[in-house]
Amino acid sequence: MKLDLILRIGTKLILPFILLFALYVQFHGDFGPGGGFQAGVITAAMVILLAITFGIDAAQRIAPPWLVSRMVPVGVLIYAGTGVLGLLLGKNFLDYSVLLHDPVHGRELGIFMVEAGVLITVSGTMTSLFYAFAERGR
Amino acid sequence: MSVLETVLGHYDYVITMFLMMAGLYIVVASGNMVKKLIGLSIFQTSVYLLYIEPGKITGGTAPIVDPAFSVYSNPLPHVLILTAIVVGVATLALGLALVARINEAYGTIEEDEIFDRDRES
Amino acid sequence: MTAVQPHLPVLQVVIPLLGALLAGLLRRGTSGFALALAVSWLMPLIAVALLCQVLTGGPISYHLGGWPPPWGIEYRVDALNGFVLVLVSTIGAVGMPFSYRSVALELEPRQQAWFYCMYLLCLTGLLGITVTGDAFNAFVFLEISSLSTYVMIALGRDRRALLSSYQYLIMGTIGATFYIIGVGFIYLLTGSLNMVDISARLGAAWASQPSAVIAALAFVTVGLSLKLALFPLHVWLPNAYAYAPSFTTVFLSATATKVTIYLLIRYYFTIFGVSIDFRALPITEVIVVLSLAAMFIASLVAVFEQNVKRMLAYSSVAQIGYITLGIGLADQAGLTGGLVHIVNHALMKAALFMSMGAVFYRVGTVNLKDLAGIGRKMPITMAAFTVAGFGLIGTPGTSGFISKWYLALGAFERGWWWLVFLIVASSLIAVVYVGRVLEVAWRREPSPAIAEASDPPLTMLVPIVLLAAATVYFGFFTEWTAGVAGTVAKTLIGGLK
């Protein structure tokens, strides 16, 4: 563990950029390829890389298991909640056009919230999958 | 000659069919539970190709509306397959989790050995 | 009420979904149960409201996100799926009180909240398959229900539960993938995924590329047959039902296969049937032969089973044969019989598996040799088992008789006398396997192993008695089963080309 110095320093250097890239993919989804699913997987990849090089305890300090496993239902709740919001405002389920005064901006906001939900759920799912398998037999 | 032309002209479908059959064959023929899951994944992947191939329109660009372009590829297959990929990942993860539990309960992941152990007990 | 009414189709799916998410968030067994109970009791109200609305006012169409079909996803309720919605949600509502003690006994405390979460997800998926009018959306819901089902089976105490869950996962995924290949062909042929739109466009595809349409039909048929356990694609079912926790078996046997059968009917009668002349294809012959094989072979296997849950599982395969027989006959009486048997079989099989769940709760085993004299120790439970068992045989005065009567009428309409004879003959095999259990339960002296047994607590007893009573009730009053099924069958047959 102590000998792979390049790996440890390299990981430390690259981690913030992975997170930054994930956020770029997340927020660039409006204008180009990207979105919550890809961003969620990249975020989870950051945690998994950390766990592989520094051990799972280090990863669980920044992404504790209780939080990660609760992110899974919370993200879907945000998604479904956005849909229900449209329902409460008098339109059909998942109709975001009523979220703001202008239908186009309303849809943009709706998609933004949905993508945020997807990001939370996907990163939570991927990380907890990794934890579940990594903690097996410990 | 025309048969050859048909095959070459639709080489993408030939690849899809090959993956489909290969995946299904692994599921049926392999006795190792992890290999079976890999076969299942290959089988599902072939379906992703089946959907995505016709979505590409010759000369079409990415379906982001822009006044400079008039022909766009069909985005719907990609969206459908994104969903199918999520389903495939979930299935694979659940399958592997089950195999891990089976390995703990039986001490093996070879199907015939497991059946033998069940028969003994 | 008026504000909620237009949104009922989507609420039917969203409420169980929200319930599942909350159950996953709260992580406590009791709160999970409370959520599941509240959701399960709300669902039949919505379903009945929808069915009444459909029967008086015609099909309801709900546009998700306000996007009109065929571009957006459409939820479409007509008499056929309104009927299935009522069935699935009612089984959930009646069965839910049963689950509390059964789950508390069979699962570890930390697993219980997850179990209810998975149950609600499964309910979401099943109701979603039923309510959706979009072919791909149906696949997504199919996989939601299947994935949660695999978990619910794997939570069984026996290590063989893991193995049967794994086998079901492989078979179920192959089935769903076959289905999605079929949908892919349909999408390539028609450019649409909306079921109503497909049925309007498939006729042109049939005229230009009949072989591709037949390939699509074949893939959809095989895929769905795997999921609904049509003989000989049933091999996953007996083990899955035998080793799963009791409540899982009750819920799955009564709903999961039935919903897939609904999807098959939907494809045959409202999508392919309206654009293809089925008489040109050997569909009736294939389905009738496979159904007969299921009715005889699975029943014969059931006769030699020692584990009562496994025996009932094989009997399920046989009973699915009766339902598909009605689909294969595809005439007014035959299809009515098939549709009625969906409901009747769901009610009686739920009652049978529930009474076995109650026996397991008290005795800890469902092997036939350990159940000697159980009828004297658990009289009400086994009386319900007996009544539902008679329903399975098809004795006059039970709902099973009604289904078989219509099936026989359907065979008679075609002039297939031999089929009427075979329906009666297969029922005689049911007499043998139900009779074996009844003989052991009532005629033998109670063994010391079950001396402590007594009828289960009321939360378990009431659902069992209700379902057994329904078996008798629907044997006499058929307005809501055969009546509605007859109307549905008439519309479906009338739409065929």
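A crossing is called left-handed if the near helix is turned anticlockwise from the far one by less than a right angle. The exercises below concern a predicted model.

**Exercise 1.** Determine how helix 3 of chain B is oriented against helix 6 of chain C, and which hand their crossing has.

*Solution.* Step one takes the geometry: helix 3 (residues 33-52) of chain B and helix 6 (residues 159-190) of chain C pack at an angle of about 10°, and their axes are 10 Å apart. Step two applies the cut-off: angles under 35 degrees count as roughly parallel, so helix 3 of chain B is roughly parallel to helix 6 of chain C. Step three gives the hand: helix 3 of chain B passes helix 6 of chain C in a left-handed crossing. Step four turns to the residues: helix 3 of chain B contributes, among others, L40(B), F43(B) and V47(B), and the contributors from helix 6 of chain C include I170(C), T173(C) and I180(C). By class, the contact comprises ten nonpolar, four polar and one charged residue.

**Exercise 2.** Identify the element of domain 1 of chain C that gives the most residues to the side touching domain 2 of chain C.

*Solution.* First, the domain assignment divides chain C into domain 1 (1-276) and domain 2 (281-497). Next, 41 residues of domain 1 of chain C are in contact with 42 residues of domain 2 of chain C. On the domain 1 side, helix 3 (79-106), helix 9 (237-243) and helix 10 (246-272) of chain C each give two or more residues. Helix 10 of chain C gives the most, with 15 residues. This side of domain 1 of chain C holds 28 nonpolar, eleven polar and two charged residues.

Terms used
Residues numbered from 1 in each chain as written. Chains lettered and ligands numbered in written order. Predicted model: local features only at pLDDT ≥ 70, side-chain atom pairs only at ≥ 80, totals over all residues. Axes fitted to C-alpha atoms, helices over the stretch in contact; angles between N-to-C directions. Helix = DSSP H or I, 4+ residues; strand = E, 2+ residues; numbered from the N terminus. Parallel < 35°, antiparallel > 145°, perpendicular 65-115°, else oblique. Contact = placed C-beta atoms within 7 Å. Nonpolar A, V, L, I, M, F, W, Y, C, P; charged D, E, K, R; others polar. Domains from an automatic or database assignment.
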